[in-house]
Amino acid sequence: MARRLPLCETGAQGTERGGALSAIVEFDSVGLRYGTGAEVLRDLNFRLSRGGFYFLTGPSGAGKTSLLKLLYLAQRPTRGRVGLFGEELGDQPREELPRFRRRIGVVFQDFRLIRHLSAFDNVALPMRIAGRSEAEVEGPVREMLAWVGLADRASARPATLSGGEQQRVAIARAVITQPELLVADEPTGNVDSDMARRLLHLFTALNRLGTTIVVATHDLGLIAAAPGAQLMRLENGSLSDPTGSLRNPPLQPAPEAG
Amino acid sequence: MLGWLTTPVAERRLLSEGRLRGPTLYVLAIMTFAMIVVAAAGLALSNAAGIVTRGVESRYAIQINDSESLPRVLAAVRTVPGIRHAEPVPEAEMRATLERWLGPGGLGGELPVPALVNVDLAPGADSGAIGRRVEQLAPGSRFVAHQQVVRPLLRSLRVLQWLALSMVALMAAATSAVVVLAARGAFDTHRSTIDIMHGLGATDQQVTSLFQRKIALDALFGALAGGLLAAFVLVVLGGGARALAGDLAGGPPLTLADLVILALLPVGAVILAALVARAAVLVALRQSL
């Protein structure tokens with residue numbers, strides 16, 4: 001039987017939200033390797049509570065992006081068991097995966113905007129993929145673009161936007177469908193501190209509405225600005241520090257997170 | 001499978017590349033043109049073979065070496081049961097025919113010119129029994145089926161007909177191969193868009209519909225262009241073909257049914273392209289998660 005660590009299944013925020021929370025993500029003895037190389041993720045055992053807010057930290061090359069790929073179903077683990085939204089992913093045929101992906105919002109580190117579409121169309125894409133009509137799409141997309149400060153850039157192509165603006169479009173696209181799980185890879189890497197605070201506020205607001213948030217970041221300021229969040233630290237492909245010393249705020253002084 | 005016909009406008013924009021850029025349109029135009037022309041030739045040959053076959057299936061010739069006995073033999077042959085019609089070939093016509101081979105004056109005065117009687121048998125007549133009877137009436141004569149004479153020609157026509165059909169099939173296969181390459185090329189070009197769509201929860205069906213629609217439209221325009229060009233060429237060539245067919249077989253080169261078949265070829269090419277594109281994209285998609 002796989003060992004299960006209670007690394008992230010309880011926390012301040014989760015407790016505040018009302019005691020026993022169901023797990024939205026469950027990893028049991030999960031390992032990942034690319035091709036025939038060494039494992040980039042090893043023996044991951046954790047549960048993320050529904051409605052939790054998590055920061056994923058760790059040095060470059062620790063496997064953060066690989067772990068996020070497992071979370072947003074861009075990869076299948078090479079071993080172990082992954083559960084998502086209470087269902088086993090290993091049992092799911094490929095055709096079922098879109099059903100899961102539509103419940104997950106993703107902010108990619110490199111934004112991954114479609115370059116020939118306008119900001120509006122990029123943000124609207126998840127809704128259109130989900131089959132929403134144009135009448136249903138128009139209002140929420142305009143509102144979201146206004147929220148991230150891009151109301152006047154709705155028709156702009158990504159190439160004409162700054163890095164920070166592109167990142168805000170990517171974030172707007174990730175949250176437009178109010179996903180149950182939001183996964184963000186360095187979401188504030190290209191924005192100024194003021195916009196970073198606004199984005200964190202957006203994440204927090206979404207979290208209050210019930211979205212589980214997982215943010216991979218090196219930005220200690222961002223972590224410090226979310227005192228209710230929990231920390232996951234990856235080192236050499238393994239989740240380390242299961243004692244909770246990296247909680248925010250740390251229970252004891254901890255080395256710089258990556 | 002037909003979801004691509006109703007792809008919303010906003011989703012169509014996901015594949016940025018405009019039409020008239022990929023190879024599908026041009027290849028479909030050329031292939032459709034060639035397929036129609038080759039198929040028309042094959043159908044015309046088939047019709048000619050049919051007309052020739054029908055024209056000679058009851059026709060025989062009696063070759064009489066002693067032309068002086070022609071009136072007696074002719075009178076006797078006309079009384080044989082099963083012979084519906086017997087008509088001698090005029091001597092002038094015989095000489096003219098032979099001069100094509102021997103040259104003007106080649107016959108001279110000393111070469112004997114055989115007499116020839118064209119005979120039409122009644123339906124169901126026993127050609128073997130009639131042949132034996134004719135030989136009794138005119139010993140030394142030959143009772144020859146026209147079919148036997150034109151058999152090499154008919155065989156050649158059938159071979160050409162099958163060759164045309166094989167070429168149409170080969171061109172369809174080549175078209176499919178090009179569409180597969182075009183679909184894979186488009187797939188690779190739009191790989192990042194597809195990955196993003198997949199990541200946002202797009203199904204294979206949604207992704208496939210975009211490519212299928214794009215390639216089907218390119219194929220449609222290509223097939224239309226190729227079809228119109230082929231129609232023009234066939235109309236221009238039609239006069240000559242009709243004259244040739246008239247000389248050869250005494251009938252029109254293409255029937256109404258043939259024209260319907262030719263008109264359906266571009267439609268078939270478009271459907272084939274759409275199905276092949278769908279299959280190619282689905283195979284490529286299944287290689288990803």
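1. A quick definition to start: two residues count as in contact if their C-beta atoms, placed from the backbone, lie within 7 Å. Keep in mind that this is a predicted model, where local features need pLDDT of at least 70 and side-chain atom pairs count only at pLDDT 80 or more, while totals for chains, interfaces and linings use all residues. Residues are numbered from 1 along each chain as its sequence is written, and chains are lettered from A and ligands numbered from 1 in the order in which they are written.

2. Chain A has an open sheet of six strands with mixed pairing, in the order β6-β7-β8-β3-β9-β10. Strands are DSSP runs of E, at least two residues, and helices are runs of H or I, at least four residues, numbered from the N terminus; two strands pair if DSSP finds at least two bridges between them. β6 (104-107) and β10 (238-240) of chain A sit at the edges with a single partner strand each, so one side of each has no neighbour in the sheet. From one strand to the next, the twist averages 25°.

3. A:G105 has A:L182 of β7(A) as its bridge partner.

4. What lies across β3, β7, β8 and β9 of chain A? That's helix α2(A) (residues 64-71), running at about 155° to β7(A). Angles run from 0 to 180 degrees between N-to-C directions, with axes fitted to C-alpha atoms (for helices, over the stretch in contact). Helix α7(A) (residues 193-208) packs on the sheet too, touching β3, β7 and β8 of chain A, and its direction makes about 150° with that of β8(A).

5. Over in chain B, helices α2(B) (residues 23-56) and α9(B) (residues 256-285) pack at an angle of about 150°, their axes 10 Å apart. That makes the two roughly antiparallel, a label for angles over 145 degrees. Residues making the contact include B:M31, B:M35 and B:L43 of α2(B), and B:I261, B:L265 and B:A273 of α9(B). By class, this contact has 13 nonpolar, two polar and one charged residues. Here Ala, Val, Leu, Ile, Met, Phe, Trp, Tyr, Cys and Pro count as nonpolar, Asp, Glu, Lys and Arg as charged, and the others, Gly among them, as polar.

6. Between the chains, 15 residues of chain B are in contact with 22 of chain A. On the chain B side, α7(B) (191-199) gives the most, with four residues. By class, that side has seven nonpolar, six polar and two charged residues.

Key. Angles under 35 degrees count as roughly parallel, over 145 as roughly antiparallel, 65 to 115 as roughly perpendicular and the rest as oblique.
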